[in-house]
Structures are given as C-alpha cells and as structure tokens.
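Reader: I am new to this structure. Can you walk me through how to read it?

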Amino acid sequence: MLAVILLAASFLFGQGGAMAEDVDRRVDEFADRVVESLTAEEKIGQLVMVSFGGPDAPPDSDISRLILEDKVGAVYLNYFHCNALNGDGGDPSWCQQVGDDPDTPAQVARLANDLQQQAAESFQGEGHDFFLPLLIAVDHDGDGYPTTHLRNRFTPIPCQMAIGATWDEGLSQMVGEVVGRELAAVGVNMLLGPVVDVMAEPKPSPQDRGLRVFGSLPDWVASMGKAYIRGVRTGSLREDVPRVLTVAKHFPGHGASDRSPDLQIGRQGASLAALYEVHLRPFAELAEAHASEEVPDGIMVSHLAYPNIAGCEASPGELEPDPISLNPSCMQAFVRFLDQKSESGHGFSSWQDSHVTIADSLGVHALRNQYGYVGDEQLCWVAQQALMAGNDILTLVEWLDAEDMDRGGLVEWERAHIESTLDCLRQEYEASPDSPFGKRVDEALRRVIRLKLQLYPELLQGDAQFALENTVKVDPQAATDVIRDGQGDELKELARRALTLISAKGGQWKGIPRLWEQHILFVECWDDNYCQRSPELPNGILESTLSQRAARKPPSENLRTRTLTELQTGSDEVKLDVQWADWIVFGVSESAVSWDLHLPWRELARVVAGLYPGLESVQSKSKVIIAYGRPYLADETTVMATDAFLAAYGKIPSAVEASIEGLLGTSRLEGRLPVAFDAAGYPEVVPPITPTAVPTASPIATLTPTPTATPTATLTATPGPQATGSTSNGGGFPWLVVGPSLFGVLAAGGAVGFALYRQGRRRRRLAVKPAPEAELVVDLTTHRVLVKGKEIVPALSREQYELLAHLYENAGKLCRREETVRRVWPDAELAGVSEEALDSLVHRLRDRLQEAGATRQMIVTVRGHGLRLDL
C-alpha cells in the first residue's frame, strides 16, 4: 500500500518518469470507472458545494440528507451558520452558546469526521466498492472576525495586506504553513484562498478588497501568492501528501471592480491587454509557475462583467451583460487570450484541464439584484449557466429564492431549493448525456475526481474503509494539540515588521517622549455607532496593552480611554479629559456599515480639526493615529494634523501589540505601504530593490591588489566630484559602474587596469584619516561602519549602507533626492522611487545608528531639498 501511496504522490506532485506515468494511467482508469458507475444524481451531486446550519451533523439534519440522499460532494463551513463555535462574543446570537472558550478545533474535527463518514455511507448504499471524500472548504483570509471563520484557539493569522507590508515572501510562506497545518489538523481540506486580486487603485469604498490583498503590484502579488500556496502545501503534509487544496481568488481580478461585490455585479471597461498587465497577471503567473507546489489547485471566478470585450457583451435585448461566472463565451475569451500570452506553451487552458474552477457564491446579492431569483426555475438556470461557463464546482451558498430571502434567508429553507436545483440539473443530464451540457458534466466530474485523488491517493489502493479511517478522518484531540503548539512568535515578528510609519512630523518617530510622565487619552472607535465590533478589540485594549508592554509603566491615573462616540457627544467629562491630555492616541478600525467605510474617518477628521463644540483644544494636543483597518481611508487633513500616523493593518493581538511598541518607540517601523495612499503623499508603490548576486570569485577579483593597511576615516573635508556615483553592497561585493573613464582604463590595461583603477578610486574616497573614536566612521573600502569605535553588528543592509556611504562622502553638503536615489537604487527609474521609500530607509538607518550608540541625530532632512550628514 505504501508503494501505491508514494507512486500516487509522485504523479500528483510533479515527479516525472515511468512510475508517474503508471500512476497517471491508474488515475485515469479509476476516474473512468467512477464516471461510468455513477448515476446522474451522483454525478450532479459531486459538482456542488453547499452550506448548512449547525456545529454538528446528526443523521436527521439537512446536511446529512443532502450527503446521503442527494450525494453532494462538497460543503462550505461558515461561522455565520454556526459550523464553527468560536465562543461567546465570537458567534452570532442565534448560535448555541457554549461558553467563552470552547474547544473549537476538536469541534470542527468531529464535524468533519461525521461529514466524511456520511459521504462514505452514501456510496456504500449504492453498492460501490469506492467512495469519494467530501471537499470541506473554508474562507481563512486572516485578521480574525469577520473574514476568518475558524478563530477560537486557532492561531490568529494576519491579513494579507500585513504580509504584503513586510515585502518578504518567506513570511508569506510561513503564514501559509500555519494555515495548512491547522486546517489539515481539523479535517478541512480546501482553503478558499489566497486572494490574488491586485489593488491597483485603492478606492475608499466597499468594492475594494481592503486588507485581504497583498498589495498593488501584480508581480509582487503573484510572488506572495505563490509563496503562500507553497506554505499551505508544506504545512499540510501528511504521509508526504499535502492534505489542503488552495483556491486562488477572485479571477479575473476584483481589484478593478467599480461596485460592491455583495450588492451589484461589478463592471470593468478595460481591454484584455490592459487587464493582463495588472489584474490577470497574478493568475497567469500562478497557473504557469515553474514549481508545481506553487500552482493553485483551483481558482474562484468572480461575478464581474466586461461589456467592452468581444464575447462578454450583453445579449440581444438585455440591458446588462452577464458576469463572466455565468457567461461561457466571455470565459473562453479570457482563456484564449491567456493561452496566446503564454510563453511556456502550457497556457491557462492546460492548467484548467488538470485543475478545478469554482464559481464564487451563486447566492450572492449581486446576482440576486440582477436576476431576481424568482422561483426554483431561475435558480436552476443560474446553476446551469455557471456550469456551462466552465465552473466545475457550483457553490450553492445562501441558495434561496426571492421569497425565502425576504423572509430572512435562514438556512433551514436552503435544502429544499438545493434539492430542486439538483433535480433540475439531473433531468437535464438524463435527457441527453451526449449533449454539450452532458459532456460538460462529465468533464467537470473528472476534474473533481482527480482533485480528490490528489488529496487522498490512498483511494487508488482500493480499500475505501481503510482510506476513510486512516487518512480522510482526523484525530480531534490531536487537532487541539497541534494548534496549541502553533507559531505565535513568528507571527508576532511579522506584525512588528509590517508596522508602517505613514507620516510623522519632522520625518521621524521615536515614540512618545518620557511616556511615564505624560497624560495619555486613548480614543477607540470600535463601538456601536462607528467601527465594526469584534472580539479582537474589546474596550480599553490599547490602554491595557500599553500598561503591559511599557518598560517603565506610567501610573494608571495617567491613562484614560474614551470612544469616538463619547467624543461626539461632547459631554463635560469628555471635554475635561481632552483638556487634561498631553497626548491623544486614536485607534481606528473598519466601519460596521459596509456602504459607508468612511464613517469613522470622517468623524475623526472633525475631531482633529477641532470642529466638535468644546473640543477645539484637540488641535493643540500631540496626536497619534493607529490604523487597525485600511489606512488609505484617511484624508489629507487627518494625516497632516497628527504627530505620527501608524498602520498596523489589522486588529489581531499581534498587530495590537506591535502598534503599541510603535507608540512606545521600541519598534523599528520596518513596514512599507504595499498600496498607494495619495492623501499621505504616496501616489505609487515601489518594491524593494533586491541586489543582483555577484560571483565570489572572478578573474578581476584575483588580480586586485590587497591594501597593506586601510585606516578607518571620518570625513572633515569633502572629496572631489570623482567620489560620487559609485555603489557597493553591504556585504562587500563591488557594484560595477560603467562610464567613459572605466572604458578608457579597460582599453589601456584590461583586467589589471580595471583593478588598479578601482583601487585608486577607493583611495580617493578615503581623503582624510581621523581618529577611530569619532562619533561615526565609515570605511569605504571594507564597508565597515563604526559608531564611537564599535562596529555595527549585524551589518547594515545594502540600501542602508549605500545611503550612509553617499552621505558620508559628501558630509556637510546637501545631497539632493535625485542623486541619492540613483546611488541607493541604481537600477530603478528615478520616477519609480517614492518619497515613502526614501523616508522609510532614512528612518531605519537613523534607528540603526541610534541602536549602535550614536548620541545625536546626524542625518538631517531638509524638506523639499534633500539630506545632509552632520558629523
């Protein structure tokens, strides 16, 4: 049996050769046998994903009947339907209350086992010698409530924008590993994620994906997405087989939508070529990833319309075009275009042949508002259109007609409509199995079967009961233990690295000075009137976290907390608190009113502008804003009115702790905005520059004379013009700078001449040799940096060193932004490097010098002109 498992894994995860070909043959034979033996009812059932109510699945429940009698092949878990009990404060009011801290991992694991047992029984009752396990899917987008459905006792994972703000693919993989490990432990085998939408133009309105995206740059979104998928695969490994599938969403890219996906079908007027440059690129790159472990197992198709693309127009007599999720000709237009753009020869259609395409929820309000959903016949039509458009799995979630939706949309009415739709599709198939619809059903079914074999290659061995008990089911107690031993420390470090300084007076932020002496008023917006209430943000969380994290704790009487609602009331007590405060710290989260995300930010703008009667003194107070939601919702007035504006990109505990460390000045604020933010002066996003690797040995290097003694130096005079423009990385490898003088040297003496030229150039850069005990010494030959005679360890990054070396060579002189950018980022276009990138680099360099023992600020920012190093 083990040999069979290894053979299956060899095929399924890209290890070629004769053994893989043999397994390929056996998979095809298994799929052929299953397709031939299944009834029309069973075939249709395998192609739907349904939602249901409750934390368990007793034999008389709706979900049990759908599995046992209607043969559904996939389920969707949702805390809103009480499938995962997260405890008091984490569940909707209609869920069974089980206390503050239920064993949620064990509860979900037991539910998954019961569902899989019923799936096995549904095949036994039909006389089959095999069974097809359920796909058990969940959204797990991070940042707790409401976009993460499994929360209590699960590791609180960050949102994707927080990951994007680190610009570190390794951290994206690490989060994926945590997610894969924990979902596999509880028997969830399909992650509806990651989101690879590109937020090219952040819109302060509901249609953008907000914190759920990695950022604004397509290539970086693709890289982060591939790393995340790789992590999920690695984390979910059991017997060397990944047990959690990934579904990238929302094809063809929701970042360009002009409407809320929950309310209306979004329209996009761009051409396919324009869409490819931004929104389609991540999906194309993931589908053609060189490493098989980076390729998603499925994609989720969104409900977007493209009226200006041939094949996607409105039908004759119709005012509105059908969305791509229901439009076969539109989907084929996109697939053909992506195949034409493919350079590998394995285009999007090749990916589609061996993976699955899943429709976004077919019960979403956007479709309801366009089609009305009047009666079961229309529900069946929507499902049939979605299948013919190329969706292999139909998500019949919130599957209700207009009448039942108006009655409240409760899950107890879903089963009847699901059964009606399944029966309608079955009749269509039985009427003509060889019709385009019948062939599409069989095609989709084969893909689903192969997907389930990928999850459980043990099924090829032929012992269905053994596969069920030993690989499909999970151990509830072990699930609790696995999740309890999660990676909290790594995620805390990610939160610290994501924390971003958006703006600060004077260009830098060192924390509230002499905090223990200050009167600090916290203003929180997570109350009923403004921001979204969530278990992650209880009242007083900022005040209590500061008290816990401060090295020198301020007296309790120096800290107070008010809500934004209380400030609006303008009571005498609130006015006294404002007058009492030296610092006001505003914590801002998302609005609970989905169509008015700006609500808390508008009220905050009124506060900081002193527009509330009796609160005019706010203007004169020192103020800090910490964004626990989308930072780009703030307007320019709000940004400019504060001493510091920090972005934590989320509200989970690690993000809150990191934000307080930033407030205290103990965080290095390494994060960088992964999206544009016009109001804060960042109209574009620039990725970090990765230095090109330089060989450690080369003919030139062996011919370079070794200096007998190189003294360290502090400049007291500025070298001549020949000293500028050279670049080197922080690790000591020279960066080649090609110019007319270099070509002349090469013509005169070849490699030896170049070596001597370079050595002479280094000597000119060391114009003066001051004492080593100076405040700052930069050895431009060895790239060592010393503060008060002690070398900075670990060494500065390449960018930090290049900035410092450039300022050091021109000490006392103003270094303009243009020349500084060319020195630090020689391969980047000048217009492509934002002010934020340079400001952030300067801030990090100042921190490193201060940490190394510098007693004064030597790097001076001359606003509007450039930088100067004062030694």
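Predicted model: local features only at pLDDT ≥ 70, side-chain atom pairs only at ≥ 80, totals over all residues.

Author: Let us begin with a pair of helices.

Reader: Is the crossing left-handed or right-handed?

Author: α5 passes α18 in a right-handed crossing. On the α5 side, the contact is made by Pro105, Ala106, Ala109, Arg110 and Asn113. On the α18 side, Pro476, Ala479, Thr480 and Ile483 take part.

Reader: What does the whole chain look like in numbers?

Author: The chain has 30 helices and 26 strands. Of its 871 residues, 58% count as buried. Now take the contacts with a separation of 6 or more: 74% of them link residues 24 or more positions apart.

Reader: Which residues touch the most other members of the largest nonpolar core?

Author: In soluble globular proteins, nonpolar side chains tend to be buried together. Here the largest nonpolar core has 148 residues. Met190, Phe251, Phe334 and Leu362 touch the most other members. Helix α16 (residues 436–455) gives the most to this core, with 9 residues. Another core, of 76 residues, lies apart from it; Leu564 and Tyr632 are among its members.

Reader: What does Phe334 touch?

Author: Leave out residues up to four places away in sequence. Phe334 then touches Phe251, Pro252, Leu272, Leu275, Leu280, Tyr306, Ile309, Cys312 and Ile324.

Reader: Where are the cis peptide bonds to look at?

Author: Check omega. A cis bond joins Phe251 and Pro252, with omega at about 0 degrees. Pro252 lies in the loop between β7 and β8. Another cis bond joins Gly193 and Pro194, where omega is about 5 degrees. Pro194 sits in the loop between β4 and α8.

Reader: Which residues have a positive phi without being glycine?

Author: Asp143 is one, with phi of about 70 degrees. Its place is the loop between β3 and α6. Tyr373 has a positive phi too, about 55 degrees. Tyr373 is found in the loop between α12 and α13.

Reader: Is Asp143 buried or exposed? And Tyr373, buried or exposed?

Author: The cut-off for buried is under 20% relative accessible area. Asp143 has 7%, so Asp143 counts as buried. Tyr373 has 0%, so Tyr373 is buried too.

Key. Residues numbered from 1 in each chain as written. Heavy atoms only, no water. Core = buried A, V, L, I, M, F, W, Y, C linked by side-chain atoms within 4.5 Å. Buried < 20%, exposed > 50% of the residue type's maximum accessible area, 1.4 Å probe, protein only. Helix = DSSP H or I, 4+ residues; strand = E, 2+ residues; numbered from the N terminus. Contact = heavy atoms within 4.5 Å. Left-handed = near helix turned anticlockwise from the far one by under 90°.
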